[in-house]
Amino acid sequence: MVDRSEDGAETTARRRGQGELEGQVLAVLREASEPVPVAWVRERLGGGLAYTTVITILTRLWAKGAVERERAGRSFRWTAVADEAGLAALRMRKVLDAEDDRQAVLASFVTALSPNDERLLRELLSPEAELPSPEAGEEEG
């Protein structure tokens with residue numbers, strides 16, 4: 001894909017990785033202090049994304065439960081309800097939910113973890129573990 005810079009020179013547009021744009025949209029939404037329209041999100045993303053592209057990403061995030069929307073006239077205002085870690089967790093859950101043998105999938109996943117990740121998972125699953133609340137994660141971002 002070739003674009004032109006302001007001085008007319010050709011520039012090659014970098015293709016985003018899968019889910020990268022969703023993460024960027026979530027990050028922008030998390031900056032908002034109140035529900036915002038698509039135009040607000042698009043403006044902060046920069047890069048000349050089409051309005052329809054931003055709507056498509058927001059709609060996909062809404063379907064995944066990562067954002068909420070509220071009616072504002074004929075359109076919507078959008079709010080993030082997940083951060084990038086929450087979005088990754090939603091993706092993992094979707095994959096797990098699509099499989100018939102949850103135990104086999106989880107067993108395979110756990111056996112493929114690095115020793116550090118396995119230790120972290122054990123700590124998180126221990127009865128005395130204090131899991132971070134969604135509100136705490138929002139303050140850090």
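Me: In what order do the elements of the chain run from the N terminus on?
Reply: The order is β-β-α-α-α-β-β-α-α-α-α, and the chain has 7 helices and 4 strands. Helices (H or I, at least four residues) and strands (E, at least two) are DSSP runs, numbered from the N terminus. This is a predicted model in which local features need pLDDT of at least 70 and side-chain atom pairs pLDDT 80 or more, while totals for chains, interfaces and linings use all residues. Residues are numbered from 1 along each chain as its sequence is written, and side-chain values use heavy atoms, without hydrogens and water.

Me: Why is Gln24 called partly exposed?
Reply: Gln24, which lies in helix H1, has a relative accessibility of 28%. Buried means under 20% relative accessible area and exposed over 50%, with partly exposed in between (1.4 Å probe, protein chains only). The value of 28% therefore makes Gln24 partly exposed.

Me: What makes Arg30 partly exposed?
Reply: Arg30 is also found in helix H1, and its relative accessible area is 25%, so it counts as partly exposed. The C-alpha atoms of Arg30 and Asp83 are 7.6 Å apart, although 53 residues separate the two along the chain.

Me: How much of the chain counts as buried?
Reply: Of its 141 residues, 18% do.

Me: What makes a set of residues a nonpolar core, and which residues have the most contacts inside the largest one?
Reply: The set must consist of buried Ala, Val, Leu, Ile, Met, Phe, Trp, Tyr and Cys residues joined through side-chain atoms within 4.5 Å. The largest core has 21 residues, and Val25, Leu29, Val41 and Leu61 have the most contacts inside it. Two or more residues come from each of helix H1 (20-31), helix H2 (38-45), helix H3 (51-63) and strand E4 (75-80). H1 gives the most, with 5 residues.

Me: Which residues is Val41 in contact with, leaving aside its neighbours within four places in sequence?
Reply: They are Val25, Val28, Leu29, Val36 and Val54. Contact means heavy atoms within 4.5 Å.

Me: Why are H2 and H3 called roughly perpendicular?
Reply: Their axes come within 10 Å and cross at roughly 110 degrees. Axes are lines fitted to C-alpha atoms, for helices over the stretch in contact, and angles run from 0 to 180 degrees between N-to-C directions. Angles under 35 degrees count as roughly parallel, over 145 as roughly antiparallel, 65 to 115 as roughly perpendicular and the rest as oblique. H2 and H3 are therefore roughly perpendicular. Val38, Ala39, Val41, Arg42 and Leu45 of H2 make the contact with Tyr51, Val54, Ile55 and Leu58 of H3.

Me: How do H1 and H3 pack?
Reply: Their angle is about 85 degrees, with axes 10 Å apart. H1 is therefore roughly perpendicular to H3. Among the residues making the contact are Leu21, Val25 and Leu29 of H1 and Ile57 and Leu61 of H3.

Me: What makes H4 oblique to H5?
Reply: The axes of helix H4 (residues 84-97) and helix H5 (residues 102-111) come within 9 Å and cross at roughly 135 degrees. That angle makes H4 oblique to H5. Met92, Arg93, Leu96 and Asp97 in H4 meet Arg102, Val105, Leu106 and Phe109 in H5.

Me: How do you know that a charge sits over a ring?
Reply: NZ of Lys or CZ of Arg must be within 6 Å of the ring centre and within 35 degrees of the ring normal. Arg69 lies over the face of Trp62, 3.6 Å from the ring centre. The charged end of Arg69 also sits over the ring of Phe76, 4.1 Å from its centre.
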